[in-house]
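Please open the model in a viewer and keep the selection panel at hand.

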Amino acid sequence: MEFSFALVWEILPQLLLATIVTVEATMVGFVLSLVFGAVLVTLMRTPSRPVRALARFVMEFFRATPLLAQLYFLFFVLPSAGIVLSPFVTGVIALGLHYGAYAAEAYRAGLESVPKGQWEAALSLNYTKLRTYLSVVLPQALPPVVPALGNIAIAMVKDTAILSAITVTELMFVANEIGSERFQYTEPVTAAAVIYLVLSLVATALIHLIDKRFRPEEAPA
Amino acid sequence: MTPIIKFEGVTKRFGQTVVLNNFDFIVAQGEKVVLIGPSGSGKSTLLRVLMTLERIDSGMVMVDGEALWFVRKGVDVEPVTESHLRHMRAKVGMVFQQFNLFPHMTALQNVASGPRYVMKKSKAEAEALAESLLRKVGLGDKLASYPARLSGGQQQRVAIARALALEPKVMLFDEVTSALDPELVGEVLDVMRALSSERALTMLIVTHQMGVARALADRVCFFEKGMMVEEGPPEQVIDDPVNPRTQSFLRAVKLT
């Protein structure tokens with residue numbers, strides 16, 4: 001078996017175009033997961049017991065079932081209910097829901113890390129609930145959550161590959177397509193893997209930067 | 001004497017434990033009352049009820065002529081709304097044992113946050129007020145310091161300034177010197193003593209330190225098992241208690 005760098009060079013433009021789709025899917029999916037996670041964690045903290053239980057169940061459900069199953073469900077079942085979405089939209093929604101459940105868990109841990117005394121101090125200063133969250137709780141709850149959210153982003157970079165199963169023309173889909181056209185899988189798949197590696201490393205570096213920006217707030221020199 | 005705080009037959013339970021038992025209590029405006037007693041005797045709960053951190057199970061609490069947890073409507077008693085609670089909270093300020101400063105805010109921001117967010121003052125106005133209060137508690141040079149960079153005594157003084165910034169009529173001090181190293185107690189006590197010269201300000205102070213009680217109290221109240229067992233001027237209650245329970249408690253405290 002020999003590895004043709006010439007072939008890699010030849011297919012690189014196609015792969016890079018597909019990489020744009022991968023990056024887009026990751027970014028949109030990540031934002032959706034942050035929002036969905038925030039909604040879930042908010043519902044888990046409402047005074048209503050049934051709402052809390054439902055939110056808790058939804059969170060467990062999305063974490064306990066495979067992303068691929070969720071993806072197929074949205075892609076094949078929703079149309080029969082008259083909801084037809086493009087593969088890309090379906091894919092990012094599935095990513096957002098699946099990882100939103102993990103984000104909710106991360107938020108929850110962050111919120112619980114804020115000591116009770118902080119809530120009591122805010123209440124004794126007559127802050128409203130909203131003000132307490134905005135000025136006291138979230139500034140303390142979010143920085144420790146950044147690494148966990150970062151892990152979600154990195155996992156999502158890789159899991160966009162699953163969207164190839166519903167014909168989203170992202171990196172893995174295109175690599176696979178090139179492979180089957182040319183009966184030559186080694187180069188496209190290897191190149192795709194290297195691109196995923198680069199994307200993940202870039203994401204890791206970005207998160208590290210964000211984390212660093214958040215940290216020094218506690219005790220600046 | 002106008003009562004600013006009035007407990008009428010207040011009962012508060014935590015599960016099976018009765019923390020306040022059909023409790024009656026009156027504090028005059030401007031009075032400085034020190035509450036002493038073994039832990040679990042209900043004295044901290046009394047403060048927490050006044051700060052609306054705990055609900056009561058029955059009875060009435062009046063602050064500044066208005067009901068705190070329940071409102072009398074004719075013969076009926078109704079639980080109050082959040083907006084009424086906020087109105088009542090504005091009359092009361094509290095300082096905690098563990099300071100509870102906001103760690104992501106500087107000393108100045110900690111003190112200015114209340115005037116700014118709650119009293120809706122402009123940023124400049126709130127910060128000017130915060131600065132003058134921090135100077136008053138001797139921290140004029142620590143405005144930009146974060147709590148983590150301050151000693152316990154300094155943090156507690158910031159916390160006092162933060163509560164004062166909202167101009168409460170009643171100040172509650174819940175074991176504010178208990179978490180401090182002994183050499184830092186004095187600086188906090190000095191601030192409280194200066195504060196106690198403000199005649200209109202009512203102060204309720206829970207402490208285990210008899211020095212604090214002696215320095216600040218118009219009246220000392222000894223609590224046990226959700227009841228007030230003995231009360232009177234400090235020299236009487238601390239130095240010459242009548243009740244045997246007070247006597248044995250004070251013996252134990254003085255040994256430490």
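This is a predicted model: local features need pLDDT of at least 70, side-chain atom pairs count only at pLDDT 80 or more; totals for chains, interfaces and linings use all residues.

How many salt bridges are counted between chain A and chain B? The count between these two chains is one, a salt bridge being a side-chain nitrogen of Lys or Arg within 4 Å of a carboxyl oxygen of Asp or Glu.

Residues are numbered from 1 along each chain as its sequence is written, chains are lettered from A and ligands numbered from 1 in the order in which they are written, and side-chain values use heavy atoms, with hydrogens and water left out.

**Stop 1: the interface**

Select A:E120 and B:R48, whose side chains meet in a salt bridge with an N to O distance of 2.6 Å. Next, display the whole contact between the chains (heavy atoms within 4.5 Å): chain A contributes 22 residues and chain B contributes 26 residues. About 2,100 Å² is buried between chain A and chain B, and carbon and sulfur atoms give 59% of that area. Buried area here is the accessible area (1.4 Å probe) that two parts lose on being put together, summed over both.

**Stop 2: chain A as a whole**

Chain A has nine helices and zero strands; helices (H or I, at least four residues) and strands (E, at least two) are DSSP runs, numbered from the N terminus. The C-alpha trace of chain A spans about 70 × 55 × 25 Å along its principal axes.

**Stop 3: α1 and α4 of chain A**

Select residues 5-43 (helix α1) and residues 87-112 (helix α4) of chain A, which pack at an angle of about 45° with their axes 5 Å apart. Axes are lines fitted to C-alpha atoms, for helices over the stretch in contact, and angles run from 0 to 180 degrees between N-to-C directions. α1(A) is therefore oblique to α4(A); angles under 35 degrees count as roughly parallel, over 145 as roughly antiparallel, 65 to 115 as roughly perpendicular and the rest as oblique. Their crossing is right-handed, meaning that the near helix is turned clockwise from the far one by less than a right angle. The contact of α1(A) with α4(A) has 20 nonpolar, five polar and two charged residues. In this classification Ala, Val, Leu, Ile, Met, Phe, Trp, Tyr, Cys and Pro are nonpolar, Asp, Glu, Lys and Arg are charged, and the others, Gly among them, are polar.

Within helix α4 of chain A, pick out A:E105 and A:R108, which lie three residues apart, about one turn of the helix. Their side chains meet in a salt bridge (2.7 Å, N to O). Over all chains, the structure has 21 salt bridges.

**Stop 4**

**Stop 5: α3 and α4 of chain B**

Finally, select residues 107-118 (helix α3) and 123-136 (helix α4) of chain B, whose axes come within 8 Å and cross at roughly 125°. The crossing of α3(B) and α4(B) is right-handed.
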